[in-house]
Amino acid sequence: MLNNVEIAGKQQVAAEFAARFADKIELIENTDSEYMVQAEVLLPAAEYLLSAGYEFLADITAVDYLAEGKFRLIYQVGNYQNGDLITLKVEISREEPQVNSLCAVWKAANWLEREVYDMFGIEFAGHPDLRRILMWDGFEGWPLRKDFVHQPTKYQGRRRLD
Amino acid sequence: MALKTNVRFPQRGGMPEGDPNNSHDLLTQEELEKRGILLTSLDKLFRWGTGWSLWPLQFGLACCAIEMICTTQSRFDMSRFGYEVFRNSPRQADVMIVAGTITEKMRPAVELLYHQMPEPKWVIAMGSCAISGGPFVDSYSVVAGADKVVPVDVYVPGCPPRPEALIDGMLQLKAKLLHPERQQVVRDVK
């Protein structure tokens with residue numbers, strides 16, 4: 001638990017984001033705590049959230065929008081004091097999948113970012129140990145990308161009885 | 001089958017005579033057993049003992065492990081047959097129950113556990129995933145069955161199998177131990 005922190009609720013976070021990152025972070029319509037964040041302000045936004053009491057990084061995941069040529073990263077950050085949950089969404093191009101690592105802000109980001117790297121091949125700049133975590137050493141390809149093609153072995157791809 | 005033994009039964013002491021059809025006055029094994037004499041080999045005796053006290057290796061890979069745990073508990077009670085001694089160390093186990101999906105990342109660990117078990121050792125493939133990869137076989141990370149990794153003695157079908165099915169699989173393994181001359185037994189599953 002953090003000491004001497006001013007706990008910010010959803011309204012204060014929205015006001016702070018609007019004041020500091022006016023054109024970089026925008027609230028997604030019909031939500032009160034989901035934000036579309038430009039990749040270059042992800043790190044300062046995360047540092048602000050930690051300083052406002054959002055010390056629990058619940059999950060990092062990604063979605064592959066193949067037709068639009070981009071990945072969307074989703075960060076979920078929780079606050080133990082008032083139970084608020086803030087969602088940050090970051091869109092990056094599919095050609096250069098790279099984004100700043102949040103390991104310096106939340107320690108929990110280490111393995112979560114390794115999992116996203118393992119499944120999507122998204123590089124996290126500044127990650128201390130970026131290597132595969134679920135797949136074995138020597139595996140090639142990024143399984144959760146929409147254009148991933150699995151080469152079946154001789155026991156796979158059999159005709160089903162139904 | 002009644003085996004001829006070369007044990008000549010003594011004719012004195014009021015004991016009944018042997019088979020009148022047996023011209024050599026040799027007693028068959030069955031006739032000896034009727035008289036309370038058990039003739040066996042050490043090998044057969046050890047196999048009989050092993051069959052009633054198989055020690056499984058305690059590890060589970062997926063949801064089949066939950067059924068395996070239920071099998072050991074009081075409702076189904078695998079200890080009725082002497083199979084309740086689940087060992088945490090492969091050095092002390094002689095049956096490996098592959099309970100669940102083997103993934104490519106888990107394959108070396110399963111292989112290592114099998115090699116760490118002392119001979120003689122047997123493997124039971126429990127459930128669809130351990131038999132042939134199950135519903136996940138076409139995935140990028142699933143091994144198509146335990147027999148691609150270790151030699152399997154008994155296959156228990158089901159997804160997951162009922163605890164009774166696992167007990168039946170263990171009893172089939174016991175039958176395999178007691179009757180090594182049997183080549184293959186395929187059960188009809190309806």
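Q: At about what angle to β2(A) does helix α1 of chain A run?
A: In this predicted model, helix α1 covers residues 10–20 of chain A. The helix lies across β1, β2 (34–37) and β5 of chain A. Its angle to β2(A) is about 20°.

Q: What angle does the direction of helix α2 of chain A make with that of β5(A)?
A: Helix α2 spans residues 42–51 of chain A and packs on the sheet. There it touches β1, β2, β4 and β5 of chain A. With the direction of β5(A), the direction of helix α2 makes an angle of about 170°.

Q: In what order do the five strands of the open sheet in chain A stand?
A: The pairing in this sheet is mixed. Its edge strands are β1 (25–27) and β3 (56–65) of chain A, each of which pairs on one side only. Neighbouring strands are turned against each other by 25° on average, direction ignored. The order in chain A is β1-β2-β5-β4-β3.

Q: How many bridges join strand β4 to strand β5 of chain A?
A: Strand β4 holds residues 70–78 and strand β5 holds residues 85–93 of chain A, and the two run antiparallel. Along this pairing A:Phe71 stands opposite A:Ile92, and A:Leu73 stands opposite A:Val90. The number of bridges between β4 and β5 of chain A is nine.

Q: Which residue takes a positive phi in the hairpin of β4(A) and β5(A)?
A: This hairpin has six residues between the strands. The phi in question is near 75°. The residue is A:Gly83.

Q: Which residue of β4(A) stands opposite A:Ile60?
A: Strands β3(A) and β4(A) pair in the antiparallel sense, over nine bridges. Within β4(A), the residue opposite A:Ile60 is A:Tyr75.

Q: Where in the hairpin of β3(A) and β4(A) is a positive phi found?
A: Four residues lie between the strands of this hairpin. The positive phi is near 70°. It belongs to A:Gly69.

Q: Why is β4(A) largely enclosed by the rest of the structure?
A: A residue counts as buried under 20% relative accessible area. β4(A) has nine residues, and it is largely enclosed because the number of them that are buried is eight.

Q: Is A:Ala39 buried, partly exposed or exposed?
A: A:Ala39 lies in the loop between β2 and α2 of chain A. Its relative accessible area is 23%. Buried means under 20% and exposed means over 50%, so A:Ala39 is partly exposed.

Q: What separation do the C-alpha atoms of A:Ala39 and A:Lys89 have?
A: Leaving out residues up to four places away in sequence, A:Ala39 touches A:Val90, A:Ile92 and A:Asn100. A:Lys89 is 50 residues apart from A:Ala39 along the chain. Their C-alpha atoms are separated by 9.2 Å.

Q: What pattern does chain A follow along the sequence?
A: Chain A contains three helices and seven strands. Read along the sequence, the pattern is α-β-β-α-β-β-β-β-α-β.

Q: What percentage of the residues in chain A is buried?
A: The C-alpha trace of chain A spans about 60 × 35 × 30 Å along its principal axes. Chain A exposes about 9400 Å², of which carbon and sulfur atoms supply 48%. Of the 162 residues in chain A, the buried ones make up 41%.

Q: How far apart are the mean positions of the positive and negative charges of chain A?
A: Chain A has 17 positive and 26 negative charges.

Key
Residues numbered from 1 in each chain as written. Chains lettered and ligands numbered in written order. Predicted model: local features only at pLDDT ≥ 70, side-chain atom pairs only at ≥ 80, totals over all residues. Heavy atoms only, no water. Pairing = 2+ DSSP bridges. Axes fitted to C-alpha atoms, helices over the stretch in contact; angles between N-to-C directions. Contact = heavy atoms within 4.5 Å. Buried < 20%, exposed > 50% of the residue type's maximum accessible area, 1.4 Å probe, protein only. Areas by Shrake-Rupley, 256 points an atom, 1.4 Å probe, with all protein chains shown as cover. Lys, Arg positive; Asp, Glu negative; His and termini not counted. Charge placed at Lys NZ, Arg CZ, Asp CG, Glu CD.
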